[in-house]
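Please view the sequence and the model together while reading.

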Amino acid sequence: MTKEEEKVSDSQVNETLEEKETTAPLAPETGTRDAVRKIPIHKLDIKRLIELDACTRCGECLSWCPVYDQDSKEGLIPRRKIIDFLKIARSQNGFLAGIMKSERIGESLKKVIAKLSGYKEVTREQVEEFVFSLYECSTCGQCEVVCPAHIDTIGLWEELRRLIVRAGYGPLEPQKALRKSVMTFDNPWQQPRSGRTKWSRRAKKDNLIAEEPREIKKTKGKVLLFLGCTASYDANVKQVAINTINILDALGIDYGVLGADEKCCGSVLLRMGDPEYKRLFSQNIDQFNSLGIDTLISSCSGCFKTIMQDYPKIAPLNFEVLHTVEYLARLLKTGELTFSHPVNKTVTYHDPCHLGRATGGFDAPRMIMEAIPGLTLIEMPRNREYSRCCGAGGGLKAGFPEIQGRMAQRRIKEAEQTGVQELVSCCPFCYQGLQVGIGVLESDIVMKDLSAYIAESLLGYDIFEKAAKEAEEEKRMKEEAKAKKKLEKEKEDAEKKIKDEEEKIDKPE
């Protein structure tokens with residue numbers, strides 16, 4: 001740790017960001033363009049200060065960063081972010097900064113000190129450039145995996161973002177819509193709260209599920225299925241929620257959902273550094289703990305990681321948290337889940353960052369795929385902890401959609417090289433993000449969630465194909481009935497016309 005950082009008092013260090021950030025107001029905008037607001041580095045705890053000083057500047061992360069792979073700017077490299085932040089911190093909080101900002105020292109002496117020491121006050125442009133680079137990151141965790149100093153880079157980036165938000169510099173303008181949507185609608189997709197259960201009503205009408213999922217507050221089930229915002233609102237990702245419901249129903253699981261009472265998990269706020277994440281976490285924790293459940297499961301890797309790892313930092317949970325595939329893998333081990341119907345597909349698997357690198361959930365998806373008869377897995381060169389990020393997380397897609405699109409294309413090309421028919425993952429966010437790459441490349445590869453294969457092997461058919469065939473058959477029957485009715489009407493009209501003609505002939509003059 002540097003001498004400047006050692007000058008931070010113990011009381012300041014212990015007054016961590018988590019204790020104060022939900023009530024601290026954002027720094028007000030200044031009246032001039034060049035004015036620089038102070039970044040509250042004293043809010044960093046001792047662990048983060050040590051990590052900032054621990055970077056070896058080795059550059060190992062350079063060759064692995066998926067964002068740098070698409071936008072080769074020096075400022076994006078983790079080591080560069082650390083160097084730039086320390087430059088800002090020392091300019092604002094260091095020993096020389098204290099001297100240069102002291103009213104007891106004359107301006108002439110300050111000029112001499114500045115000339116001898118090389119001290120330069122950081123500019124607003126430098127701060128904004130750092131902020132831009134800090135947010136051009138999907139927080140995928142690849143840099144942490146390859147870091148020889150084992151720096152918790154994800155925790156560090158998220159905490160630096162919180163400092164940036166406290167100082168009034170973040171999040172970036174395009175990302176603010178996500179915050180506003182979560183605060184207004186309890187979801188990041190700017191959809192009304194009332195629309196959260198619309199998918200299930202539609203799915204039942206389309207014969208994709210037998211019944212709408214049971215509400216846990218009524219059934220008092222022991223397993224809570226937390227669906228998440230993406231699977232609930234994005235029509236293109238509806239297969240995740242629908243297949244999960246069919247799987248749990250087929251297995252007779254005593255589960256339930258929150259329905260309209262479900263709120264966003266708050267991951268998007270945490271990743272972007274918004275202090276409101278703590279309020280949302282607390283509200284969800286209180287609701288979850290009041291349900292009397294044994295287990296919470298989620299098919300969204302982002303929701304799972306956030307609830308499992310980040311929620312306990314705010315308050316304890318009185319239940320177990322599992323990703324749905326981990327829950328099903330457990331049933332597979334105990335013999336409660338068996339696959340009897342083959343799924344004859346050749347696929348490759350994309351490890352979601354939040355299920356894989358963040359929580360170590362590499363084996364459960366592969367265990368399930370291995371157990372499904374007929375399903376063949378061909379791994380991409382980059383897999384498990386080295387899986388290439390799709391770019392959909394960390395606020396990157398909202399702030400830098402072009403970069404996310406190029407990252408998705410890079411991953412799709414990697415999947416195509418395996419020669420497979422389909423690409424499978426375990427996360428609605430990854431499904432959504434990788435679909436962007438498929439669309440741009442006009443790739444023949446088909447994106448699937450693992451729940452699709454599980455449901456098909458359990459039920460013996462693809463529920464979407466079955467429903468489509470039934471709908472087509474119903475349409476055909478309706479058209480035949482309509483045509484038949486039309487013919488009957490035409491026949492009736494013809495007979496009536498003949499009868500009328502005959503009556504005219506028989507009628508005397």
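## Basis of the description

The model is predicted; local features need pLDDT of at least 70, side-chain atom pairs count only at pLDDT 80 or more, and totals for chains, interfaces and linings use all residues. Residues are numbered from 1 along each chain as its sequence is written, and side-chain values use heavy atoms, with hydrogens and water left out.

Helices (H or I, at least four residues) and strands (E, at least two) are DSSP runs, numbered from the N terminus.

## The parallel sheet

An open sheet is formed by four strands in the order E6-E5-E7-E8, with parallel pairing; two strands pair if DSSP finds at least two bridges between them. Strand E6 (375–377) and strand E8 (446–449) are at the edges with a single partner strand each, so one side of each has no neighbour in the sheet. On average, neighbouring strands are turned by 40° against each other, direction ignored.

Strand E7 (residues 422–425) pairs with E8 over four bridges in the parallel sense. Leu423 has Met447 in E8 as its bridge partner.

## Two packed helices

Helix H4 (residues 46–54) packs against helix H10 (residues 153–166) at about 110°, and their axes are 11 Å apart. Axes are lines fitted to C-alpha atoms, for helices over the stretch in contact, and angles run from 0 to 180 degrees between N-to-C directions. H4 and H10 are therefore roughly perpendicular to each other (65 to 115 degrees).

In H4, Arg48, Glu51 and Leu52 meet Gly155, Leu156 and Glu159 of H10, where contact means heavy atoms within 4.5 Å.

Terms used:
Parallel < 35°, antiparallel > 145°, perpendicular 65-115°, else oblique.
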